[in-house]
Amino acid sequence: MTAWEDLGFAAYDELWARVPDDPRPSVTFDLRGFFRSDVPAEFTAAARAVDDLVLLAFVRVLPAGAALLVLNWEHASHRLRPHERTEPLPWFAVPNGDHYVVGTEDFAMGTRGHPWEQTLRVWGEPLLETLVPMLNWLPRV
């Protein structure tokens, strides 16, 4: 069993159908500030910072051995065991052209990155209590 497991497309429709459309409670962050930067390194650094903080928050709130579902619109789905991950992720929460969803297996808590709105929505406790203060440098929508 690896920390980053490729689930392929077999469960794609079923997984996306389980993602909540309007989860409550939630907080949405505005990512436009670094999306619109003329300096590519600024986008890369800010996106990595957000991704790392999302991962850190999940590590703090999930029990060891728990898994996350990591969905990328029109791409293969993945399962991530965040406590076992030691190398950088290929992509994670910040939307870079596609919708990204990272959530618990039941989607009781998670994040949803929206590429056109350039936002990141965080939902569910205790993720909100842990992650929202970490992202306080980002404006809220």
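Pro 25 is found in the loop between helix H1 (12-18) and strand E2; helices (H or I, at least four residues) and strands (E, at least two) are DSSP runs, numbered from the N terminus. The peptide bond from Arg 24 to Pro 25 is cis, with omega near -10 degrees. The model is predicted: local features need pLDDT of at least 70, side-chain atom pairs count only at pLDDT 80 or more, and totals for chains, interfaces and linings use all residues. Residues are numbered from 1 along each chain as its sequence is written, and side-chain values use heavy atoms, with hydrogens and water left out.

Pro 126 sits in the loop between E7 and H4.

The strands form an open sheet of seven, in the order E1-E4-E3-E5-E6-E7-E2. The pairing is antiparallel; two strands pair if DSSP finds at least two bridges between them. Strands E1 (4-8) and E2 (26-30) stand at the edges. Each has a single partner strand, so one side of each is left without a neighbour in the sheet. On average, neighbouring strands of this sheet are turned by 20 degrees against each other, direction ignored. Axes here are lines fitted to C-alpha atoms, for helices over the stretch in contact, and angles run from 0 to 180 degrees between N-to-C directions.

Ser 26 has Trp 123 in E7 as its bridge partner. Helix H4 packs on the sheet and touches E2, strand E6 (110-114) and E7; contact means heavy atoms within 4.5 Å. The direction of H4 makes about 145 degrees with that of E7.

Strand E5 (residues 100-104) pairs with strand E3 (residues 68-72) in the antiparallel sense, over five bridges. Leu 69 has Gly 103 in E5 as its bridge partner. E5 also pairs with E6, again antiparallel, over four bridges. Here Val 102 stands opposite Thr 111 in E6. Five of the five residues of E5 are buried, so the strand is largely enclosed by the rest of the structure. Buried means under 20% relative accessible area, exposed over 50%, and partly exposed in between (1.4 Å probe, protein chains only).

The hairpin of E5 and E6 has five residues between the strands. Phe 107 lies in this loop. Phe 107 has a positive phi of about 55 degrees although it is not a glycine. At 4% relative accessibility, Phe 107 counts as buried. Glu 74 is another non-glycine residue with a positive phi, of about 65 degrees. Glu 74 is found in the loop between E3 and E4. At 52% relative accessibility, Glu 74 counts as exposed.

Two packed helices are described by the angle between their axes and the distance between the axes. The axes of helix H3 (residues 40-61) and helix H4 (residues 127-134) come within 9 Å and cross at roughly 150 degrees. That makes H3 roughly antiparallel to H4; angles under 35 degrees count as roughly parallel, over 145 as roughly antiparallel, 65 to 115 as roughly perpendicular and the rest as oblique. H3 passes H4 in a right-handed crossing. A crossing is right-handed if the near helix is turned clockwise from the far one by less than a right angle, and left-handed if anticlockwise.

On the H3 side, the contact includes Leu 53, Leu 56 and Phe 58. On the H4 side, Leu 127, Thr 130, Leu 131 and Met 134 take part. By class, the contact has nine nonpolar, one polar and one charged residues. Ala, Val, Leu, Ile, Met, Phe, Trp, Tyr, Cys and Pro count as nonpolar, Asp, Glu, Lys and Arg as charged, and the others, Gly among them, as polar.

Six of the eight residues of H4 are buried, so the helix is largely enclosed by the rest of the structure. Among them are Leu 128 and Val 132. The cover over the buried residues of H4 includes E2, H3, E6 and E7.

Ala 45 lies in H3. Ala 45 is partly exposed, with a relative accessible area of 48%. Arg 85 lies in the loop between strand E4 (77-80) and E5. Arg 85 is buried, with a relative accessible area of 15%. Not counting residues up to four places away in sequence, Arg 85 touches Ala 3, Trp 4, Leu 80 and Pro 90.
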